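I opened this notebook to record what I looked up in the structure. The entries follow in the order in which I made them.

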Amino acid sequence: MPRRRKALMPDAPLAPVPSEILDQFVRQGPISPEELDAAVRRFKKAIIERALGGELTHHLGYPPGGTKPGDTTNHRNGTGGKTVLTDDGPLAIDVPRDRAGTFEPRLIPKHERRFTRFDDKILALYARGMTVREIQAFLAEMYAVEVSPDLISTVTDGIVAEVTAWQSRPLERMYPVVFFDALRVKIRDEATVRSKAIYLALAVLPDGTRDILGLWIEQTEGAKFWMKVFSDLKTRDCQDILIAVTDSLKGMSDALAAVYPATTLQTCIVHLIRNSLDFANWKERKPMATALRPIYTAPSAEAASAALDDFERGPWGRKFPTVVASWRRAWTHVIPFFAFPPEIRRVIYTTNALESVHARLRKILKTRGHFPNDEAATTLIWLALRNITASWGKAANYWPLALTPLAILYEDRFTVPNA
């Protein structure tokens, strides 16, 4: 069934511009795109200068040509020329000044050479994976603006405080399901480019919506690293996780048992299947997948264990004993899956929800050779995640079916969200 296209939210209605004002900027008759662009720029310049003049009037307490209040000695002192970078390119404006030098404009602050939305444009390009040099070339081509690489770096570095605030923001007290997984990026570390893992935690909230709880960068994983991750989540007021789904990350089970002892750790079934199929050639993968199916679709842990024994004794188990060994190594964290009803199994069957995020991140990261430091990697990934999660407004279709089983199985820990 084809998906319905999302209806776009209509823009807020704009008040009409009086005809007499438009006549000052647009002549009657045909107009070329260049002339229209010039008229828009003139209009923007006039509005900015009028707004700055209004700010100075508010600062001084009297309008131009008006009576000066008796308790002030400050007055207007002409204008100063200034060129600011806007969405339409550089714009020369006249900024009003006061005699005392105490006027601090808010629309375009002192020493500011960029309009706010121009910075947003740079961040939007950066978040889509463009390098500093590519952004510089794009702005020069599209807007005839010569921007230095240092300026672009300054803009992107300016959101470090936002990233830090996001990393330390308070969390919900309970999450029904949290997926953990990692992707690899190259980062310079002590004059050497190393492959580091960026771990993400994607949570499903009680109402079925999703949220990225945080990201952590580490070269090697282990119990010590996961203790830091879980301690961070608990410090931010996450007191309980019902089910954690992961792909056999090293040291995670010990750290999870120490910080969240009541949490059920579930190995991703799809990862196990994929890892098993990697041992076979392309012609053998489909029949092997069929042979593995009775294991993960079994109604109980006992039936699944019997199905694994049958697979081991069969032709595929004898030909690929490493496949059986991989299932047995992970079996402790596979069998919790069989204690859940089908509605919950569908939720925790795979970490695809997080892998789809990783796939979109890889499209952005693939043009990068390496990052200069951890902070640069974190900044870009945070900007990309902000775009990715912007459309996460509603619960998945299958989530309402899992609510009742979750409420029954975790009656003392799970709170059903209000409708």
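**Arg169 and its surroundings**

I began with Arg169, whose side chain reaches the backbone oxygen of Trp166 at 2.8 Å; a polar contact is a pair of N or O atoms within 3.5 Å, and within protein one must be able to donate a hydrogen and the other to accept it, while residues adjacent in sequence count only if both atoms are side-chain atoms. I note that this is a predicted model, in which local features need pLDDT of at least 70 and side-chain atom pairs count only at pLDDT 80 or more, whereas totals for chains, interfaces and linings use all residues. Residues are numbered from 1 along each chain as its sequence is written, and side-chain values use heavy atoms, with hydrogens and water left out.

I located Arg169 in the loop between helix H6 (160-167) and strand E3 (174-189); helices (H or I, at least four residues) and strands (E, at least two) are DSSP runs numbered from the N terminus. Arg169 is buried, at a relative accessible area of 18%, where buried means under 20%, exposed over 50% and partly exposed in between (1.4 Å probe, protein chains only). Leaving aside neighbours within four places in sequence, I found Arg169 in contact (heavy atoms within 4.5 Å) with Asp211, Ile212, Leu213 and Arg236.

**Helix H10**

I then turned to H10, which covers residues 282-296. Its 15 residues reach 22 Å from first C-alpha to last, close to the 21 Å expected at 1.5 Å a residue, the expected span being 1.5 Å times one less than the number of residues. At the N-terminal end, Asn281 caps H10, with a side-chain oxygen 3.1 Å from the backbone nitrogen of Lys283.

Where does H10 bend? I place the bend, about 25°, at Thr290, with Pro294 following within four residues; the angle is taken between axes fitted to the seven residues ending there and the seven starting there.

I list Glu284, Met288, Leu292, Ile295 and Tyr296 as the buried residues of H10. They pack against H9 (269-277), H11 (301-313), H12 (315-319), H13 (321-329) and H14 (342-348).

**Helix H17**

In H17 (residues 399-409), I recorded Trp399, Ala402, Leu403, Pro405, Leu406 and Ala407 as buried. The buried residues of H17 pack against E3, E4 (192-204), E6 (240-246) and H14.

**The whole chain**
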